[in-house]
Amino acid sequence: RDDGVSISMSPEQAASTTIFLTSDNGTNSVAIRPPFLPDHGKATMYEGGIRVPAIIRWPGVTRGGTTNPALVQSEDLYPTILEMAGLKARPGQARD
């Protein structure tokens, strides 16, 4: 059960810490209730299997209180984290 998120850190830590909060991609099909259809759940591109939260706090890059309508997949995080760390993918390693 998720009641909320609480993260405690010093101002120094907060100034250099990036936080990614996200969720899985919807409800398992066996748990879906009306108005959603059972075949429109997790692992589908129908409503009920998409549009989960993604919150990113990246000091010096993101601004508090803003939103972005862009679509994001968890696979997008890997190349972003590599870039943040100043790293490149290993030769032959898939980025997504």
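**Figure 1. Overall view of the predicted model and its confidence.** The mean pLDDT of the protein is 79, with 83% of its residues reaching 70 or more, and the coordinates shown are those of a predicted model. In the protein, confidence is highest in helix H1, at a mean of 89, and lowest in strand E1 (residues 19-22), at a mean of 86. Where pLDDT is low, the predicted coordinates should not be read in detail. The protein contains two helices and two strands, and from the N terminus on these elements follow the order α-β-β-α.

Figure 2. Of the 96 residues in the protein, 11% are buried. The protein exposes about 8100 Å², and carbon and sulfur atoms supply 55% of that area. When contacts between residues at least 6 apart in sequence are considered, 41% of them join residues at least 24 apart.

Figure 3. Gln-13 is placed in helix H1, which spans residues 11-15. The side chain of Gln-13 reaches the backbone nitrogen of Ser-10, at 2.8 Å. Gln-13 counts as partly exposed because its relative accessibility is 44%, a value that lies between the 20% limit for buried residues and the 50% limit for exposed ones.

Figure 4. Leu-21 lies in strand E1, and because its relative accessibility is 31%, Leu-21 counts as partly exposed. Leu-21 and Arg-57 are 36 residues apart in sequence, while their C-alpha atoms are 8.6 Å apart in space.

**Figure 5. Close-up of the nonpolar surface patch that includes Leu-21.** Ile-7, Leu-21 and Ile-55 make a nonpolar surface patch of about 250 Å². Residues of such a patch need over 30% relative accessible area, and Leu-21 has a relative accessibility of 31%.

**Figure 6. Close-up of the cis peptide bond between Pro-34 and Pro-35.** The peptide bond that runs from Pro-34 to Pro-35 is cis, with omega near 15°. Pro-35 is found in the loop between strand E1 and strand E2, the latter covering residues 54-57.

Key: Residues are numbered from 1 along each chain as its sequence is written. This is a predicted model: local features need pLDDT of at least 70, side-chain atom pairs count only at pLDDT 80 or more; totals for chains, interfaces and linings use all residues. Side-chain values use heavy atoms; hydrogens and water are left out. Helices (H or I, at least four residues) and strands (E, at least two) are DSSP runs, numbered from the N terminus. Buried means under 20% relative accessible area, exposed over 50%, partly exposed in between (1.4 Å probe, protein chains only). A polar contact is a pair of N or O atoms within 3.5 Å; within protein, one must be able to donate a hydrogen and the other to accept it, and residues adjacent in sequence count only if both atoms are side-chain atoms. pLDDT is the predictor's confidence in each residue, from 0 to 100. Patches are made of residues with over 30% relative accessible area and no salt bridge: like charges are joined within 9 Å, nonpolar side chains (Val, Leu, Ile, Met, Phe, Trp, Tyr) within 5 Å. Accessible areas come from the Shrake-Rupley method with a 1.4 Å probe; for residues, only the protein chains shown count as cover. A salt bridge is a side-chain nitrogen of Lys or Arg within 4 Å of a carboxyl oxygen of Asp or Glu. Contact means heavy atoms within 4.5 Å.
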